[in-house]
Amino acid sequence: MGYTLGKFDGIMGLGFEGLSLGNAETVFKNALDQGLVKEGKFAFALGDNKEGELTFGGVDKSKFKGEITWVKLEEPKYWQITLDNVSAGSYSSGKTNGIVDSGTSLITGPSLEIQKIAASVGAQANLLGQYTIDCSKLSSLPNLDFTINGKAWSVPGKDLVIQSGGTCLFAMMGMDIPTGPKWILGDVFMRKFYTVFDYENAQVGFAEPTY
């Protein structure tokens, strides 16, 4: 439905050749091979209710402070990394994996795990498989922590809700991918951190944003 109604011409995939149809060379790999970008990196500053920025060929140092924390990919296919733990309140996933993906608006995880988190915060499922929550509960929502290489990257509870038309949508959704990643760290996660995708070194980096 989104593709039918969306006002765009297509999607430019920024994954690796292992995901492309017929192992076709990707747009970014092609640009890299032709020397059209200085470095094999691209980076997102999605902003938080502000204008965002996508940088090809490096990073924009004005968009983050401190050092970039690098995380090696499990394999150069998806931008998939090992997650030591996913936690929120009393919920804890244990070791799992996930992909960092700008093409996913929400944070997704295995349906049963999302049900547990939703139940713990009082979110109710609707017919579309999404969850809504009483807007009066926003201040009491726990943070969602993704522990990666021993470091917790936290999404504040108030940022796990999208408010629209008097409705508060819980920004987590169940999605079961049998042979794929367990979790997808989409825009709700990426908004909180300057996020760098390093194609040449098969790693993804996070840094504290300045915006």
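Student: Where is alanine 202 found?

Tutor: Strands are DSSP runs labelled E with at least two residues, numbered from the N terminus. Alanine 202 sits in the loop between strand E18 (194-198) and strand E19 (203-209). This is a predicted model, where local features need pLDDT of at least 70, side-chain atom pairs count only at pLDDT 80 or more, and totals for chains, interfaces and linings use all residues. Residues are numbered from 1 along each chain as its sequence is written, and side-chain values use heavy atoms, with hydrogens and water left out.

Student: Is asparagine 149 buried or exposed?

Tutor: Buried means under 20% relative accessible area, exposed over 50%, and partly exposed in between, with a 1.4 Å probe and protein chains only. Asparagine 149 has 57%, so it is exposed.

Student: How many disulfides does a search of the whole structure find?

Tutor: A disulfide is a pair of cysteine sulfur atoms within 2.5 Å. The search finds 1: cysteine 135 and cysteine 168, with sulfur atoms 2.1 Å apart. The pair links distant parts of the chain, 33 residues apart, with cysteine 135 in the loop between strand E11 (131-132) and E12, and cysteine 168 in strand E15 (residues 167-170). Their link is right-handed, with 120 degrees about the S-S bond. Cysteine 135 is partly exposed at 31%, whereas cysteine 168 is buried at 1%.

Notes
Helix = DSSP H or I, 4+ residues; strand = E, 2+ residues; numbered from the N terminus.
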